[in-house]
Amino acid sequence: MNKSIIIGQGIAGSTLAWELHWAGHEVHLVERKEGQSASRVAAGLITPITGKRLTKAADFDEANRVAEEFYGKVEATIGTTLQEKRAALRYFESDSERDTFLEERAELIGEEIELLRNDRQQVIGIRMLKAARLRVQDYLEGTQRYFQERGQYHEANVDAGSDIEVRADGVSIRHIKLDGTRLFFCQGYQSQQNPWFPGIPDAPVRGETLTVTIPSRETKDVVHQGYWLAPIAAKVADRNNRTYVIGATYDRDNLGETITASGREELLAALKRFTEEEVVVIGQASAVRATTRGGQAIAMMHPEYSQLGIMNGLGSKGSLMAPLIAKKLVESLSQKAANVREPSKPKALTKLAHTIVGRTLRAGDTALDGTAGNGNDTIFLAKSVGSQGRVLAVDNQSEAIESTKTRLHAEGIENVELYEEDHSVVLRRQVQANESVQAIMLNLGYRPGGDKLWTTKPETTTAALEAGIELLSKGGVMTVVAYRGHPGGKTEAEAVQQQAQKHAAAGIKVDIIPGSEDNEESPVLYVFRK
């Protein structure tokens, strides 16, 4: 029997678990012990017409049919009602939006939608007849209970970089002694990168919601107008309590899970679009949705390790799309296909380093490129901290400094200080000046396109790392890419490895990510987090 392990029991993980279970797999769900996932605060809205242009997704009908069948099957299994089929209202935000809709989407009027009119018979919005809602909390709790009763639910924090072992005959999570044929990552957004599938999701968004009571509000319709207002769907609520949820804010820059005063004020202002009635705030939540730049969910097996898969990036359409995506992924396994869609090539470690550092930096921060080379990392850091931020770029080769200077000029970037010195000297000088930086990047070896005999050295790299740890501010990150394939590269990588072990023992969080498990000369990315 196939034994599948799923890390993450949000909407994606729960849905994949049911599909695998029905396909005859022994499924084990692993959920982290703490933290607020986006699924746990999701409203579960299934909305046919979405976006600024009020379009209907091309795959909505298929996805909606599959979702209706899927949730119906789960309902029959766990004995809990999960689906609420009720039309939702969408009010136009402007006359131009209304006019564009009536001109371009008239074919939807009838079976799909009805027009909403005011007392003067003016069209003010639409009623989406095929809208629905998933009672997300009931779905997640029912799924957990079902697998827990079978001894197939586990609470554990899993570090994808160090806790997972991939073997020829399967995969295991070492510290909880759980073995399987395959392992699927369904974690949504995580602050720590997954080295097996780096950069997924690549465009996470933090959103906040408010739970409120509106004692005099009678309607139970879900209403959209820039934001959405919905009656609470969790079974813990008193159905006569006039309890509603409004959401959601949209923040790509601050990806922590902390609720904010600004989020509360934004949502209270948005509430005035829907009602002038008295409102009492009884709760506020914040979570990060896993979204991608292309807007497409990712469901595939690893291009190199067929024992590993991922289902992620569902974003705000998880309740609708998860059943269809999970179904196709499981079907691909039975057909021995590698992917639901063609996977992109595995990302280079330098790209992964950019992703990790990019999640740490904010506008106005200070960062340091310890090996300027041709300016790639320098430009990335400068754009990440913005014009109000500061970047120090260091290299002991004049050609590297000139190359970087030329590229900065071409990009119109002026917030970079260039130093033609050894990186260990500059970093130590910054420490002595009581400076601090939020991020440091080092790409060791020789400069691409330059003299291959002119490389970084173990002794100066070690000194730079020692100073770098001191220089990092709390919450800062230092990435080091060590190249083992050139003369002296292995020796330098070993020196970095020793530094990693030393600082890990002293309490610094260190991730070690090889470019290839099977190639001893592949590069290695070291990530030091203070």
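Which residues of the largest nonpolar core touch the most other members? Select I6, L16, Y139, F184 and M311, which hold that place among the 42 residues of the core. Keep in mind that this is a predicted model.

Now colour the elements that give two or more residues to this core: α1 (11-22), β2 (26-31), α2 (60-78), β10, α4 (136-148), β21 (298-301) and α6 (318-334). Stop at α6, which supplies the largest share, nine residues.

Next, centre on Y139. Leaving out residues up to four places away in sequence, Y139 touches I11, S14, T15, W18, F70, Y71, V74, L82 and L134.

Then pick I440, L442, A482 and V510. They belong to a second, separate core of 28 residues.

Move to A131, in the loop between β9 (123-128) and β10 (132-134). Is A131 buried or exposed? A131 has 5% relative accessibility, so it counts as buried. Show its contacts, again without residues up to four places away in sequence: I46, P48, K85, R86, A87 and A88.

Last stop: helix α10 (residues 423-432) and helix α11 (residues 458-471). Their axes come within 8 Å and cross at roughly 25 degrees. The two helices are therefore roughly parallel to each other. The crossing of α10 past α11 is left-handed. On the α10 side, select H423, S424, L427, R428, Q430 and V431. They meet T460, T461, A463, A464, E466, A467, G468, E470 and L471 in α11. Colour this contact by residue type: six are nonpolar, six polar and three charged.

Key. Residues are numbered from 1 along each chain as its sequence is written. This is a predicted model: local features need pLDDT of at least 70, side-chain atom pairs count only at pLDDT 80 or more; totals for chains, interfaces and linings use all residues. Side-chain values use heavy atoms; hydrogens and water are left out. Axes are lines fitted to C-alpha atoms, for helices over the stretch in contact, and angles run from 0 to 180 degrees between N-to-C directions. Helices (H or I, at least four residues) and strands (E, at least two) are DSSP runs, numbered from the N terminus. Angles under 35 degrees count as roughly parallel, over 145 as roughly antiparallel, 65 to 115 as roughly perpendicular and the rest as oblique. A crossing is left-handed if the near helix is turned anticlockwise from the far one by less than a right angle, and right-handed if clockwise. Contact means heavy atoms within 4.5 Å. Ala, Val, Leu, Ile, Met, Phe, Trp, Tyr, Cys and Pro count as nonpolar, Asp, Glu, Lys and Arg as charged, and the others, Gly among them, as polar. Buried means under 20% relative accessible area, exposed over 50%, partly exposed in between (1.4 Å probe, protein chains only). A nonpolar core is a set of buried Ala, Val, Leu, Ile, Met, Phe, Trp, Tyr and Cys residues joined through side-chain atoms within 4.5 Å.
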